[in-house]
Amino acid sequence: MPSTSPGARAPHARVDGDVLFDRFGRDFTLVVFDDAPVAGWTDAAQAMGLALAIVRLQDPAVRTLYAADRVLVRPDHHVAWRGGATAAVTVEAARALLRMATGHDLANLDRASHGDTGAATAAAGAPGTDTTAGEPVLS
């Protein structure tokens with residue numbers, strides 16, 4: 001069954017006749033299902049020297065399949081994180097997510113994997129935490 005739980009392979013979908021995976025960047029991709037600003041994400045990625053593709057979709061069927069307003073997809077097309085539209089809107093929160101998704105913040109990731117989501121991890125909706133369900137998951 002398709003899922004965007006952290007660690008799962010991003011679900012296959014067709015958008016306007018194209019395979020969604022073909023829209024993903026070669027590095028990390030943030031799939032966005034609204035028109036909200038993503039400057040926090042792009043600024044954080046740029047500061048880290050990380051290529052981050054932004055894929056904006058308005059397809060309700062794909063939004064239902066992806067079950068979140070934002071989905072961060074790793075280069076191997078597995079989900080690193082998913083959350084609501086208001087998650088990680090600041091550069092600091094997005095940087096915390098990207099640092100853990102890229103392995104730069106393994107101490108917080110290790111705490112999250114043991115059920116200690118902590119203030120910083122929970123506030124950011126960190127990778128390893130499915131903010132749609134609030135359960136720590138290694139991705």
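A residue is called buried when its relative accessible area is under 20%, exposed when that area is over 50%, and partly exposed in between. Keep these cut-offs in mind as you move through the structure, which is a predicted model.

**First stop: a network of charged residues.** Select Asp16, Asp18 and Arg23, which are linked in a network of salt bridges. If you look at the closest N and O atoms, you will find them 3.7 Å apart between Arg23 and Asp18, and 3.8 Å apart between Asp16 and Arg23. Side chains of opposite charge can pair when their charged atoms come close.

The structure holds 6 salt bridges, and another one to select is that of Arg70 and Asp34, whose side chains meet at 3.1 Å, N to O. Arg70 lies in strand β5 and Asp34 in the loop between β3 and α1, so the pair ties together parts that are 36 residues apart in sequence. Arg70 is buried, with a relative accessible area of 1%, and Asp34 is buried too, with 17%.

Beyond four places in sequence, Thr29 touches several residues, including Phe24, Leu52 and Val73.

Leu52 belongs to strand β4, residues 52-56, and it counts as buried at 17% relative accessibility. Select Phe28 as well: the C-alpha atoms of Leu52 and Phe28 are separated by 5.0 Å, although the two residues are 24 residues apart along the chain. Among the other contacts of Leu52 are Leu30, Trp41 and Leu72.

In soluble globular proteins, nonpolar side chains tend to be buried together. The largest nonpolar core here has 17 residues, and those with the most contacts inside it are Leu20, Phe24, Leu57, Val62 and Tyr66. Helix α2 (60-66) and strand β5 (70-73) each supply at least two residues of this core. Apart from it lies another core, of 16 residues, which includes Val32, Ala45, Ala80 and Ala94.

Definitions and conventions
Residues are numbered from 1 along each chain as its sequence is written. This is a predicted model: local features need pLDDT of at least 70, side-chain atom pairs count only at pLDDT 80 or more; totals for chains, interfaces and linings use all residues. Side-chain values use heavy atoms; hydrogens and water are left out. Contact means heavy atoms within 4.5 Å. A nonpolar core is a set of buried Ala, Val, Leu, Ile, Met, Phe, Trp, Tyr and Cys residues joined through side-chain atoms within 4.5 Å. Buried means under 20% relative accessible area, exposed over 50%, partly exposed in between (1.4 Å probe, protein chains only). Helices (H or I, at least four residues) and strands (E, at least two) are DSSP runs, numbered from the N terminus. A salt bridge is a side-chain nitrogen of Lys or Arg within 4 Å of a carboxyl oxygen of Asp or Glu.
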